[in-house]
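Q: I would like to learn how to read the features of a structural model, one at a time. Could we begin with the overall layout and then turn to the interior?

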Amino acid sequence: MKKLLLVAPEHMGIIKVILDGLNKYSDYTVDFVDLCVPTYKYKHFMQRAYNFLLKNTIRKNIKETYFEKTISARIENTQKSYDLILIIRPDLINEKLLGILRQKTKKFISYYWDTVEFYPQKLKAIKFFDKIYSFDSDDCEKYGFSFLSN
């Protein structure tokens with residue numbers, strides 16, 4: 001049986017429908033990494049002040065570190081390799097985590113369900129993928145993506 005890892009933010013049950021469809025109609029066993037992370041809560045006012053200083057001096061952010069560690073732990077809990085990894089909204093994770101995912105597969109695919117104009121940081125992720133799909137025909141023409149409607 002082939003293995004697929006789906007990496008995406010689970011919003012409003014949309015990804016559950018995709019997962020159900022993949023499990024029912026494909027010949028893949030499917031694992032899932034949710035990119036939604038509970039909101040970081042400061043423990044006290046001093047931690048908030050400390051984060052303010054970090055952000056404005058050394059460009060480090062406690063909340064971003066929390067997000068990265070949470071997603072990194074989820075990725076570490078997946079299998080060592082997959083036949084296919086599909087990521088929706090790669091702009092939500094940093095290049096370090098994209099690199100870790102890239103090493104787990106020979107076929108790394110992304111679907112951009114928002115236009116690059118709304119999330120220009122998606123341009124930094126292009127180099128990681130074997131193929132990128134987009135619903136936006138202008139993005140497909142401009143960046144060489146493959147068209148796939150919603």
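Q: How many helices and strands are there in the chain, and in what order do the elements run from the N terminus?

A: One begins by listing the elements. This is a predicted model, and its chain holds 6 helices and 6 strands. From the N terminus on, the order is β-α-β-α-α-β-α-β-α-β-α-β.

Q: What overall figures describe the chain, such as the box that its C-alpha atoms fill and the share of residues that count as buried?

A: Extent, burial and surface are read together. Along the principal axes, the C-alpha atoms fill a box of roughly 50 × 35 × 30 Å. Of the 150 residues, 40% count as buried. The accessible surface comes to about 9,500 Å², and carbon and sulfur atoms account for 55% of that area.

Q: What share of the contacts in the chain with a separation of 6 or more comes from residues 24 or more positions apart?

A: Sequence separation is the quantity to examine here. Residues 24 or more positions apart supply 55% of those contacts.

Q: Which residues does Val-7 touch, not counting residues up to four places away in sequence?

A: With those sequence neighbours set aside, Val-7 touches Val-33, Leu-35, Ile-85, Leu-86, Ile-87, Ile-88 and Leu-101.

Q: How many aromatic pairs does the structure hold, and what is the geometry of the pair formed by Phe-108 and Phe-129?

A: Ring pairs are read by the distance between centres and the angle between planes. The structure holds 3 aromatic pairs. In the pair of Phe-108 and Phe-129, the centres are 4.4 Å apart and the planes make an angle of 35 degrees, a tilted arrangement. This pair links distant parts of the chain, 21 residues apart: Phe-108 belongs to strand β4, and Phe-129 to the loop between α5 (122-125) and β5 (131-134). Phe-108 counts as buried because its relative accessibility is 0%, and Phe-129 is likewise buried, at 10%. Elsewhere, Tyr-112, Tyr-143 and Phe-145 form one aromatic cluster.

Q: Where does Arg-59 lie, and is Arg-59 buried or exposed?

A: Backbone phi gives the context: most residues other than glycine have a negative phi. Arg-59, although not a glycine, has a positive phi of about 60 degrees. Arg-59 lies in the loop between α2 (45-57) and α3. Its relative accessibility is 68%, so Arg-59 counts as exposed.

Q: Where does Arg-89 lie, and is Arg-89 buried or exposed?

A: The loop position and the accessibility are again read together. Arg-89 has a positive phi of about 65 degrees, although it is not a glycine. The place of Arg-89 is in the loop between β3 and α4. Arg-89 is buried, because its relative accessible area is 10%.

Conventions. Residues numbered from 1 in each chain as written. Predicted model: local features only at pLDDT ≥ 70, side-chain atom pairs only at ≥ 80, totals over all residues. Heavy atoms only, no water. Contact = heavy atoms within 4.5 Å. Phe/Tyr/Trp six-rings, centres within 6.5 Å; stacked < 30°, edge-to-face > 60°. Helix = DSSP H or I, 4+ residues; strand = E, 2+ residues; numbered from the N terminus. Buried < 20%, exposed > 50% of the residue type's maximum accessible area, 1.4 Å probe, protein only. Areas by Shrake-Rupley, 256 points an atom, 1.4 Å probe, with all protein chains shown as cover.
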